[in-house]
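Hello,

Here is the structure you are taking over. Please look through it first; my notes follow below.

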Amino acid sequence: MILDEGIVYFFHEKTKAGTGNMPGQELVESYNAWYGTRVVGYNRMYIAKQANVQVDELIRILEPPEDIAIYADDICRLKDGLYYRIKAVQHLRDEEAGDDVLDITLTRIGEKYGNNRRA
């Protein structure tokens, strides 16, 4: 297992609204980790297409500590500076390395977060 692509930053969305203002979303950083990219296989792509979901990236990180949670629908930012929505989180065991890992399926975000300009 090679985690050499860079650091991924994970965010939870938090609703913010001042008195009399429209509610909006704010990103609160929750965790960061080294990541490696994975090949999006045919089976994963086929299942995603059936669910009408676009899969743009598949990354792998080491399992975070127990007090850190990464959920589907959270947001992350990769080294390219673009924001992605987490569509699926798979808890796996990397038998070669002997580590618990997460495979995270990502979809690039469209209009949200500054038109998805690089951070």
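Asp 73 sits in the loop that links strand E3 (57-62) to strand E4 (75-77). Strands here are DSSP runs of at least two residues (E), helices runs of at least four (H or I), both numbered from the N terminus. This is a predicted model: local features need pLDDT of at least 70, side-chain atom pairs count only at pLDDT 80 or more, and totals for chains, interfaces and linings use all residues. Residues are numbered from 1 along each chain as its sequence is written, and side-chain values use heavy atoms, without hydrogens or water.

Asp 73 has 46% relative accessibility, so it counts as partly exposed. The cut-offs: buried is under 20% relative accessible area, exposed is over 50%, partly exposed is in between (1.4 Å probe, protein chains only). Not counting residues up to four places away in sequence, Asp 73 touches Glu 13, Arg 85 and Ile 86. Contact means heavy atoms within 4.5 Å.

Now Asp 103. This residue belongs to strand E6 (residues 99-108). Its relative accessibility is 4%, so Asp 103 counts as buried. Its side chain makes a polar contact with the side chain of Arg 60, at 2.6 Å. Such a contact is a pair of N or O atoms within 3.5 Å; within protein, one must be able to donate a hydrogen and the other to accept it, and residues adjacent in sequence count only if both atoms are side-chain atoms.

Of the 119 residues, 32% are buried.

Best wishes
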